[in-house]
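Please read these notes with the model open beside them.

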Amino acid sequence: MTDAARGGARGSRSERERAGVSLPGREEPPFQDRIGAWLDERLHLSRFARQALDKVFPDHWSFMFGEIALYSFVVLVLTGVFLAFFFEPSLTPTTYEGPYEPLRGLEMSDAYASTLRLSFEVRAGLVMRQTHHWAALVFIGSIVVHLCRVFFTGAFRRPREINWVIGVTMLLLALLNGFTGYSLPDDLLSGTGLRIMYSVILSVPLLGPWAAFLLFGGEFPAEQILGRLFVLHIFLVPVILGALLGAHLALVWHQKHTQFPEPGHTEANVVGSRLWPTYALKSVGLFFLVAAVLTGLGGLVQINPVWLYGPFDPSQVTSPAQPDWYLGWLEGALRLFPNWEIRAFGFEIPEPFFPAVLVPGITFAVLYAWPFLERLMTKDQAEHHLLDRPRDRPVRTAFGAGTLTFYASLFAAASNDLVAHWFELDIETVTWFFRVLVLVLPPAVALLTFLVCRALRDAGDVRLTHLPLSSVWRPRARSTHR
Amino acid sequence: MTARTAVFVAVALGIAAGACTYLSDEPTPFRPPGVTSDVNAEQRGLELYERDCAWCHGSAGEGTSFGPDLNGPLDGGAYTHFMLATGQMPLEDPEKRAAPASPRYEAADIDAIVRHVETFGGTGPGVPTPSPAAGDIAEGAELYLDNCAACHSSTAVGGALTSGEVVPDLDGVSPVVVAEAMLVGPGCPNTSRTCGPGEGAMPRFELDERSVNSILRYIEYLQRPIDEGGAPIGRVGPVAEGAVALGVGVVALLLLARWIGTRTGDRE
Amino acid sequence: MSTSTKGAGAVAAAFGASVLASAGLAIVYIAGGSPPIEGALLLVALGGIGAGLVLWAKRFLPVGDDVQEREPLPSTPDERARASDSFGAGADLVARRRLLVRLAAAALGALGIAALFPIRSLGRAPGGALFHTRWRAGVRAVDASGTPVQAASITTGTVVTVFPEGHVGAADSQTLLIGLGPGVYRPVAGREDWAPEGVVGYSKICTHVGCPVGLYQPSEHLLFCPCHQSAFDVLAGARPVAGPAARPLPQLPLTIDAAGYVVARGDFPEPVGPGFWDRGRD
């Protein structure tokens, strides 16, 4: 094969003729062979192409969560390019003269005015804008689901720690890009969010004031910030995300995908469908389905109607004021953390530092370190290509369930004002309820998960609904193995 | 037994109080609205007031231990009309919280009661006659965002306050009522017997006529805004959007992934 | 699987629906566009292709029967040794010129440090910006339209956002004037004469993370922040009484000039807005 391909580089003519002759009744070789030969003569592609087309991918549906994120990213790039053709990233004041009557004649930034133009004057612009926003929300949602699948099945274990680290970095960048994009239209809601971000940066001990002034260009609201957010949002972060995405996929390709333990599945093989044609058709089909759901939402369900929020003015505010869902856990932490500040020796660590800097800092530190922490705890140095069933790892599963509960509780707490409004409760009562919930529920869920997983593991191949209740709670003495 | 005793005592006290009221000029006691006979058409205001209001506010609006007086510097037509038109008055029980509801009277009856209360000592503003059509909608947008959006939300969906207070949404609220609210600052928590206009949860806004009309015009727009982008999902912003993104978008895609990843003829 | 045409109908229908929806999209666009119709048609156009491809794969293509061996990921010891040798040999050659290695490292390091300096160009030094606002002694308070505010217009239960005259919209100077009415103001020591005729002024920037504290409840005399639900007691120096804010809203010393306008007696006595590291510095 290799020799034949090499030979083709020199005596290509005769090689191709011989190939063509071997197909009876045809003057010319098939189209893909002519294209293939042209490329192969220049790039030596045949061996790679054959390996690639025959590559086997496991079929389990939970392995497609990452693909959903990937295809949401593709939709984000496609719609984002369209939006960037029209959006003006500038806080320069202008008087709105467009067709949206309720704001005509008002002073607003170019950014906000161009967002209105994009929504009301550019044909198909609003669908693009809304699809972009929905895609961002679904992008991060599917990353989180994918992360959970990888975590609970132990797919991050050796040899895949590098890809875990790349994945966590992409989550971080996705959050960053979500926030910068949310802030661009310069409407009242997002402007308030930017104000909060400025204050959070300001709260960092020692570096805060300088960091905030350098990033924003001066005291809030500084003119430069919008152009900088734009560069971060459409260039720097997406380029890094794209590069990491390439590395992430290349590693999956190179190391081959994990699979669940099943008859015929071993640590030394991959069982599934070949890339060509089965997997390719399914995956491309998934791309179109992702695009269908996102554009469907983009046209049918209104998102971020900035024309109703009004242009940003630092002395105005609207209520309720929440960030997009993926920052809800930080917003909840900001709402719940008590008013503790540290003041000593003439310096102070302001309250927002703890919920808005320390909490995410610890979150991502633990996320990055998890594969290595777990290896320290389990002393498991072996290579793994067969996945864990979550029930077989009660400690990890319990830790994951408890952690998810913690963030879900913080996330819910970000809506404390809406809860108070809808159920006509006292807002302080609601806040205290969530303060207790955030501390009590996670350990409770973790304990319950541990007990159920342990019982399921020890009971063998039993469904959760068929598990006898008595097997869940047992005295410690009877638990013989971990 | 205790409950029965309590009821007995209450009824006895009620009868006694009624007798006293009948004999003296004290305020009439609690009488649920609608239990007495039809009122005289000419004296509608007086009779409705005597029947439904006087037992708490006194026959001359001087107030009783059940409710505040109606003779303050901000009392008068606007405040009375606001409380009746938003259904917050009359209360069936003075211990109940005054909350917005559908009005209990026809518009003509409300006007009659308002005219009667205006004969008391209150020196507050009368019922305003705003004309939103005369306002400028863009000016209204700016004023609304300056003064109203912080509590009522930029999309007029309302919100929460401290101390269990709730900011009402502005859906279906008439321009007159909004103008009255701006004049008198309603939203008294009737935990306090002395709380009156100007001391409610809402501040007062002393704006000129044009500004008021402009705000009203913008509020009328917000009651039926341009939802160019499809289903408005409550116009509460990112919370509803996040619920749809996760509950519809992500869930739909997970189900589709499950469908793709399932072999035809497999058990699952 | 089989090559029969059984089941091809659904695939064909999916692709066909997509073709029709795409045609519909073009028509809707030409007709002027409508987001909901566009969304529905996009759903069908894209979903038709997706569903068609997936159905095709599920019905007519081999699924899940292929097995591929994994090659071991670690290299053989021999390969590893040869890679190590290749690197080591080169490194030995380079390291032989010790002085040059050190100079090259110094050059790269110096360049790296020099490259950090342009970061300084990104923004102004914080300096005193966080410590001062535009309020000065004798400056009149004006509302958002620039009109000076009469003390008499701040009656009980009213609230108005004001700025120093000539600086309407200055974000750090936004201040709330609140009419408290006579006799209820309980001044912090030393601020007895800061609220003439029951008109009190507080910075509108929350001391938590800087949202405008836009909600005033006259019934409770509370200012309330809609972002994170901090509440401040207006009667007692805007002391925080609920929520995450740890410090009172700074109070603006006020007086009333001869013409009856509200006038500042000076800047806020402390930095406004959220806290920062050296806030205690003077």
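1. Helices (H or I, at least four residues) and strands (E, at least two) are taken as DSSP runs and numbered from the N terminus. On that basis chain C holds four helices and 12 strands. This is a predicted model, in which local features need pLDDT of at least 70 and side-chain atom pairs count only at pLDDT 80 or more, while totals for chains, interfaces and linings use all residues. Residues are numbered from 1 along each chain as its sequence is written, and chains are lettered from A and ligands numbered from 1 in the order in which they are written.

2. Overall dimensions of chain C. The radius of gyration is 36 Å, whereas a compact globule of 282 residues would have one near 19 Å. The radius is taken over C-alpha atoms, and the globule rule is 2.2 Å times the number of residues to the power 0.38. The C-alpha trace spans about 95 × 75 × 40 Å along the principal axes of chain C.

3. Domains of chain C. The assignment gives domain 1 (8–60) and domain 2 (141–264); such bounds come from an automatic or database domain assignment. The centres of the two domains of chain C, taken over C-alpha atoms, are separated by 58 Å.

4. A residue is called buried if 20 or more other C-beta atoms lie within 10 Å of its own, exposed if 12 or fewer, and partly exposed in between, with C-beta atoms placed from the backbone. Buried residues account for 43% of the 282 residues of chain C. Two residues are in contact if their C-beta atoms, placed from the backbone, lie within 7 Å. Of the contacts in chain C between residues at least 6 apart in sequence, 51% join residues at least 24 apart.

5. Which strands make up the open sheet of chain C, and in what order? There are five, ordered β2-β3-β4-β5-β10, with antiparallel pairing. Two strands are said to pair if DSSP finds at least two bridges between them. At the edges stand β2 (141–142) and β10 (251–252) of chain C, each with a single partner strand, so one side of each has no neighbour in the sheet.

6. Pairing inside that sheet. β2(C) and β3(C) are antiparallel over two bridges, and Val142(C) faces Phe163(C) of β3(C) as its opposite residue. β3(C) and β4(C) are also antiparallel, over four bridges; here Val159(C) has Ile178(C) of β4(C) as its bridge partner. Strand β4 (residues 175–179) and strand β5 (residues 199–203) of chain C run antiparallel and are joined by five bridges, with Thr175(C) opposite Ser203(C) in β5(C). Strand β3 (residues 159–164) of chain C has five of its six residues buried, so it is largely enclosed by the rest of the structure.

7. The contact between chains A and C. It involves 79 residues of chain A and 65 residues of chain C. On the chain A side, helix α12 (residues 275–300) provides the largest share, 16 residues. The residues on this side of chain A are 41 nonpolar, 24 polar and 14 charged, where Ala, Val, Leu, Ile, Met, Phe, Trp, Tyr, Cys and Pro count as nonpolar, Asp, Glu, Lys and Arg as charged, and the others, Gly among them, as polar.

8. Strand pairing across the two chains. Strand β4 (residues 269–274) of chain A runs antiparallel to strand β1 (residues 66–69) of chain C, and four bridges join them. Val270(A) is opposite Gln68(C), and Val271(A) is opposite Val67(C). Within chain A, β4(A) is also joined by two bridges to the antiparallel strand β1 (residues 56–57), where Phe57(A) stands opposite Ser273(A). Five of the six residues of β4(A) are buried, so this strand is largely enclosed by the rest of the structure.

9. Chain A as a whole. It contains 18 helices and six strands, and its C-alpha atoms fill a box of roughly 80 × 75 × 45 Å along the principal axes. Of its 482 residues, 47% are buried. Among contacts in chain A between residues at least 6 apart in sequence, 72% join residues at least 24 apart.

10. The contact between chains B and A. Here 50 residues of chain B are in contact with 60 residues of chain A. The largest share of the chain B side, 16 residues, comes from α10(B). By type, the chain B side has 28 nonpolar, 15 polar and seven charged residues.
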